[in-house]
Amino acid sequence: MAAEKALMFCETLMENFPGADKNKYVYTFTPVCQNVLTATRIGFFLAMIACNALMWTCFTKALRLSATTLEATIINTAANFLFTAVYGQVFFGETVTRLWWLGTALIMAGLSLMHKAEDDAIEARLIENAKKKKK
């Protein structure tokens, strides 16, 4: 989508250069615009690779730091759902249904329950260790 807009922008820009043929078909592929289109596609492809590398780096760090792999996986999935919806609406004008938001809210509620249970378990272990040290 962005590559097409870059191509249209390039063609419009080329039409307005001095000496341009005003009778030419509006969106023909000129060599300059074809190069702009190729550069745009390569740029977005490299951005996709960089974003995926960053996501995998964060995910593997989360796996190391989490108490369970399930916790890291669920947090990663929930973040993926949430950011996909927000970015889709902001950048591409996508519409997300209420049912989708309800599902995302349930995932977030499940995450909060999971973290609460983990916090309670950690607190219980700390209290138990404190009691053992007193004896």
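Residues 72–92 are helix through and through: the stretch is 100% helix and 0% strand, with its end C-alpha atoms 29 Å apart. Keep in mind that this is a predicted model. UniProt, in an unreviewed entry, puts a "transmembrane region" at residues 72–92, and also at 42–60 and 98–115. Aromatic rings are the other thing to look at here, with 5 aromatic pairs turning up in a search of the whole structure.

**The annotated stretches**
- The UniProt entry behind the "transmembrane region" label is unreviewed.

**Tyr-87 and Phe-91**
- One of the 5 aromatic pairs joins Tyr-87 and Phe-91, a tilted pair with 5.7 Å from centre to centre and 50 degrees between the planes.
- Both sit in helix H3 (residues 69–92), and because they are 4 residues apart, about one helical turn separates them.
- Tyr-87 is partly exposed, at 45% relative accessibility.
- Phe-91 counts as exposed, since its relative accessibility is 57% and the cut-off for exposed is over 50%.

- Trp-100 and Trp-101 make an edge-to-face pair, because their planes stand at 90 degrees; the ring centres are 5.2 Å apart.
- Trp-100 has a relative accessible area of 26%, so it is partly exposed.
- Trp-101 is partly exposed as well, at 31%.

Key. Residues are numbered from 1 along each chain as its sequence is written. This is a predicted model: local features need pLDDT of at least 70, side-chain atom pairs count only at pLDDT 80 or more; totals for chains, interfaces and linings use all residues. Side-chain values use heavy atoms; hydrogens and water are left out. UniProt positions are given in the numbering used here, feature names are shortened, and annotations may be inferred rather than shown by experiment. Helices (H or I, at least four residues) and strands (E, at least two) are DSSP runs, numbered from the N terminus. Rings of Phe, Tyr and Trp (its six-membered ring) pair if their centres lie within 6.5 Å; planes under 30 degrees apart count as stacked, over 60 as edge-to-face and the rest as tilted. Buried means under 20% relative accessible area, exposed over 50%, partly exposed in between (1.4 Å probe, protein chains only).
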